[in-house]
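This report describes how two protein chains are arranged and how one of them is folded. Please consult the sequence and the structure while reading.

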Protein chains: 2
Amino acid sequence: MKDIVIHECGLRDGLQAEARTVPTETKLGWIGALESSGVDIIQVGSFVHPEKVPQMADTDALFRTLTERGAGKAVFSGLVLNEKGLERGLACGVGMFCLGVSASETHSRKNTGMGTEEAQRRIIATAKRAVELGKRVQVSVQSAFGCGFEGRIPEERVLSIVKAYLEAGLTNISLADTAGHAYPEQVRRLFGALFELSSDIQCTCHFHDTYGLGMANVYAALEAGVTTFETAFGGLGGCPFTKVAAGNVPTEDVVHSLKRRGQCQGIDLGALIGLARDVSGHFGRELPGRVYKTGPLSY
Amino acid sequence: MKDIVIHECGLRDGLQAEARTVPTETKLGWIGALESSGVDIIQVGSFVHPEKVPQMADTDALFRTLTERGAGKAVFSGLVLNEKGLERGLACGVGMFCLGVSASETHSRKNTGMGTEEAQRRIIATAKRAVELGKRVQVSVQSAFGCGFEGRIPEERVLSIVKAYLEAGLTNISLADTAGHAYPEQVRRLFGALFELSSDIQCTCHFHDTYGLGMANVYAALEAGVTTFETAFGGLGGCPFTKVAAGNVPTEDVVHSLKRRGQCQGIDLGALIGLARDVSGHFGRELPGRVYKTGPLSY
């Protein structure tokens, strides 16, 4: 069994669709809970313009506080959308820079104001600069499995972006199912194609549960050899710039399932369940996650 | 791709945990919707004592009405717990008799008042009598993947019940994940073992989504070669005599996913979505199913 890396995206992908802005102090408490759970990477926020996603306005402040507090075991990642975002991230101590290009022309324009080609050129240049500065970088293909606006996304379009990443020396690559259209056969096929492109590639997956296949896709990705999973506490989430998105796969449900395979043994599931309950309480509603409601299996 | 059989259990496994009894006329409307959707088998109810599960008190009356109305394409199944239930079912025109034994001693006693061994002896005798009378019969192993009371269920115990079924000439066999403990590796392993026992065996699976793995288990069963799926509209359900059960896998989510594989082409997904919306409206709450809320993918 390979080691699994959990990249917790609740504070970014989970919160950006919420109407109510979460106070910085509350976010810091949630980050503390995530750190004590032992998850590997914690996505703290996005360097988007505060007017576009007010929920992310305190991203720089959060990173500054975490940097001042000093390093624990977890890596703190931040989503960067452009050159300006990289500068902001460099100034406040981001541990891992996440950048992405949407394989959907329509989604790319709605999300960034640029088409896929222009976005790809700029994102690759920005990512290369971060690498040159010695930073840890992950690049992603958003809407890799389908798009709420465009429907089917040709797999060649996804592979073309991945090839451009690899040619630029960017080998840490995530395929994101932004709209939740992925299905298991497709997940196995597409990640299989990625692993054939390069033996250096490190693959990450990111699934939303729009049509009920989030966890089935996690298993398909596992079978394909993917070892890094982007998840969100309680299954919170959904991109505000796509159509009919549902929550991310819930961190605690993924960890609960992986523990039964003998993986994620270093993660404290109880801490994740407690956090999902706190987040549910904060928003005053039930979240999609199962295990924080049922409790874990005891055997 | 093998043909898939959908066995709709919403009227039985879906309703038996509900506090509010559904009027017989409403049930008949839902049965009509299921018939027009083209699902293969519709489980109408359970021949349990009405005091034990009041929701099922009109099972005989429902079958009589359906029998008088004459046959459509769908098969109407009924769950039978004992000899008395078989007599009731024979008297009102059941099309397929479903009988089961729990692999969990504790669950068996809570559900039927008998231990697994006694239940197995009586259920097999009752099932054989139905077969001798020329009736279509399905036998199941409940709690086949784990039990809310006992935890792990040894696979040998499940296989021992299955072997007893096969020795009695009962080859239509369902493994039911009553408590929702199943995980994909286990599903593949256990159904793989069943297919090795006999080339005559027809396997059915039945999953609950307690820990978020319902759909992942459906895919694992598909990969193992299972072709009959027990599901419930909207993902309703949960056994009242087990611990922490959640709903069944939602019929419309399963059909939506299978259609993307080129299966279930004869089923009208729109009719299933309309029904799940009606059932949600009837109970005045959101059900676990995804696709009835999001609508289907249009490509």
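## Contact between the chains

In this predicted model, 100% of the interface residues of chain B are also interface residues in chain A, so the copies meet through the same surface. Chain B contributes 28 residues to the contact, and chain A contributes 28 residues as well.

On the side of chain B that touches chain A, the elements giving two or more residues are α8 (184–197), α9 (214–224), α10 (251–260) and α12 (291–294) of chain B. The largest share, four residues, is supplied by α10(B). Sorted by class, this side of chain B consists of 13 nonpolar, eight polar and seven charged residues.

## Symmetry of the pair

Two copies of a chain are related by a rotation about an axis and a shift along it. Here, chain B is superposed on chain A by a rotation of 180° with 0.0 Å of shift along the axis, and the RMSD is 0.0 Å. This is the relation of a two-fold axis. Within chain B, B:Ala216 has the C-alpha nearest the axis, 1.9 Å from it.

## The barrel of chain B

Strands of a sheet pair through backbone hydrogen bonds, either parallel or antiparallel. In chain B, eight strands form a closed barrel with parallel pairing, in the order β1-β2-β3-β4-β5-β6-β7-β8. On average, neighbouring strands of this sheet are turned by 25° against each other, direction ignored.

Strand β1 (residues 5–8) and strand β2 (residues 41–46) of chain B run parallel and are joined by two bridges. B:Glu8 has B:Ile42 in β2(B) as its bridge partner. Helix α3 (residues 59–69) of chain B packs on the sheet, where it touches β2 and β3 (75–79) of chain B. The direction of this helix makes about 140° with that of β2(B).

Definitions and conventions:
Residues numbered from 1 in each chain as written. Chains lettered and ligands numbered in written order. Predicted model: local features only at pLDDT ≥ 70, side-chain atom pairs only at ≥ 80, totals over all residues. Least-squares fit on C-alpha atoms with pLDDT ≥ 70 in both. Contact = placed C-beta atoms within 7 Å. Nonpolar A, V, L, I, M, F, W, Y, C, P; charged D, E, K, R; others polar. Pairing = 2+ DSSP bridges. Axes fitted to C-alpha atoms, helices over the stretch in contact; angles between N-to-C directions.
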